[in-house]
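Subject: Handover of a structure and the findings

Dear colleague,

Please find the structure below, followed by an account of what was found in it.

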Amino acid sequence: MIVRRFLSIFYPPAVYQKLGLTLNRNGERLFANFKVLAEPGYLPLTVYSFGKQKEDEDSKYSGEMVQVAMQLKKGMQLTIQSLDVKEGETSPPKRYTSGTLILAMENAGQLIEDEELRAQIKGSGIGTSATRAEIIKKLVNNKYLDLNKKTQIITPTLMGEMIHDVVAFSIRSLLNPDLTASWEKGLSYVAEGTISEEEYMQKLETFIRQRTDAVKGLNNQYQLKAYFDHASQFYKKPARTKSRAARGTK
């Protein structure tokens with residue numbers, strides 16, 4: 001496996017040819033996309049080296065069907081022989097594992113809609129490559145997250161969900177990667193000399209002071225209690241140990 005992987009470096013890349021079709025039926029547009037392997041490049045070298053190969057869905061459309069599709073021209077009329085509607089159900093997103101959560105932290109910028117801010121956080125994300133694993137470990141040690149050692153699946157604890165709700169109702173911007181990106185943008189301005197370090201720190205301190213004062217004046221603990229009570233029913237309560245007096249003595 002190592003030898004084949006090493007040799008692959010010296011082979012040319014695999015080249016795929018993409019083909020897209022747009023069909024119009026009474027104003028309703030239907031789309032189809034195909035991907036055909038034009039030049040195998042390094043692929044023949046790796047066929048037997050990396051375990052079971054996942055079947056490429058696009059490979060089903062190779063051969064005669066692709067050849068016919070490539071002969072189609074814009075404006076051509078086709079005869080429909082039959083129509084079928086395929087029914088299915090979407091699957092819920094998979095739970096995070098320790099590995100996928102690190103990737104999500106690294107690529108947190110993908111959730112940002114603003115292009116400028118998304119470009120600012122691209123390549124950095126939440127934390128650094130040296131600290132992300134430690135951040136997760138600390139959250140697990142503090143009982144904010146629960147880690148299944150066998151499956152490595154991460155789920156929130158009741159305490160973790162309560163903290164999330166408190167932040168969501170108090171300073172919701174802390175849950176948005178836009179805030180991290182904006183601070184990173186400010187740091188880049190300092191590095192460029194556009195603003196001074198003192199200006200950046202003044203804006204940061206003002207933000208913290210204003211948000212802290214706003215939280216102090218919320219008095220929303222009764223509203224939060226309703227959310228805590230609702231969330232607690234989905235978590236197992238810790239088993240209580242009977243006292244020695246209740247058990248009796250022999």
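Two residues are said to be in contact when heavy atoms of theirs lie within 4.5 Å. On this basis Thr-97, setting aside residues up to four places away in sequence, touches Thr-151, Gln-152, Ile-153 and Ile-154. The C-alpha atoms of Thr-97 and Gln-152 are separated by 5.2 Å, although the two residues are 55 residues apart along the chain.

Some notes on the source come before the rest. The model is predicted, so local features need pLDDT of at least 70 and side-chain atom pairs count only at pLDDT 80 or more, whereas totals for chains, interfaces and linings use all residues. Residues are numbered from 1 along each chain as its sequence is written, and side-chain values use heavy atoms, with hydrogens and water left out.

Overall picture

The protein has 11 helices and four strands. Both are DSSP runs numbered from the N terminus: helices are H or I with at least four residues, and strands are E with at least two. Of the 250 residues, 16% count as buried. Buried means under 20% relative accessible area, exposed means over 50%, and partly exposed is in between, with a 1.4 Å probe and protein chains only. Among contacts between residues at least 6 apart in sequence, 56% join residues at least 24 apart.

Thr-97 lies in the loop between helix 3 (64–70) and helix 4 (98–106). With 23% relative accessibility, Thr-97 counts as partly exposed. One of the residues it touches, Ile-154, belongs to the largest nonpolar core, whose five residues are Leu-101, Met-105, Ile-136, Leu-145 and Ile-154. A nonpolar core is a set of buried Ala, Val, Leu, Ile, Met, Phe, Trp, Tyr and Cys residues joined through side-chain atoms within 4.5 Å. In soluble globular proteins, nonpolar side chains tend to be buried together. Leaving aside neighbours within four places in sequence, the contacts of Ile-154 include Tyr-96, Ser-98, Asp-146 and Leu-147.

Helix 7 has 13 residues, and the distance from its first C-alpha to its last is 18 Å, close to the 18 Å expected at 1.5 Å a residue. The expected span is 1.5 Å times one less than the number of residues. Which residues of helix 7 are buried? They are Gly-160, Asp-165 and Ala-168. Seen down the axis, these buried residues fall within an arc of 135°, so they line one face of helix 7; the arc is that of the directions from the helix axis to the C-beta atoms. Helix 10 is included in what covers the buried residues of helix 7.

Asp-229 is partly exposed at 42%, and Lys-225 is partly exposed at 47%.

Aromatic pairs

Rings of Phe, Tyr and Trp (its six-membered ring) pair if their centres lie within 6.5 Å; planes under 30 degrees apart count as stacked, over 60 as edge-to-face and the rest as tilted. The count by this rule is three aromatic pairs. In one of them, Phe-6 and Phe-10 have ring centres 5.2 Å apart and planes at 75°, so the pair is edge-to-face. Phe-10 is exposed because its relative accessibility is 59%. Another pair, Phe-169 and Tyr-227, is tilted, with 4.7 Å from centre to centre and 55° between the planes. This pair links distant parts of the chain: Phe-169 is in helix 7 (residues 158–170) and Tyr-227 is in helix 10 (residues 221–232), 58 residues apart. Phe-169 is partly exposed at 29% relative accessibility, and Tyr-227 is partly exposed at 40%.

Helix 9

The buried residues of helix 9 are Tyr-200, Leu-204 and Phe-207. They cover an arc of only 60° around the axis, which puts them on the same side of helix 9. Glu-198, Gln-202 and Lys-216 are exposed on the other side. The buried residues pack against helix 8 (177–192).
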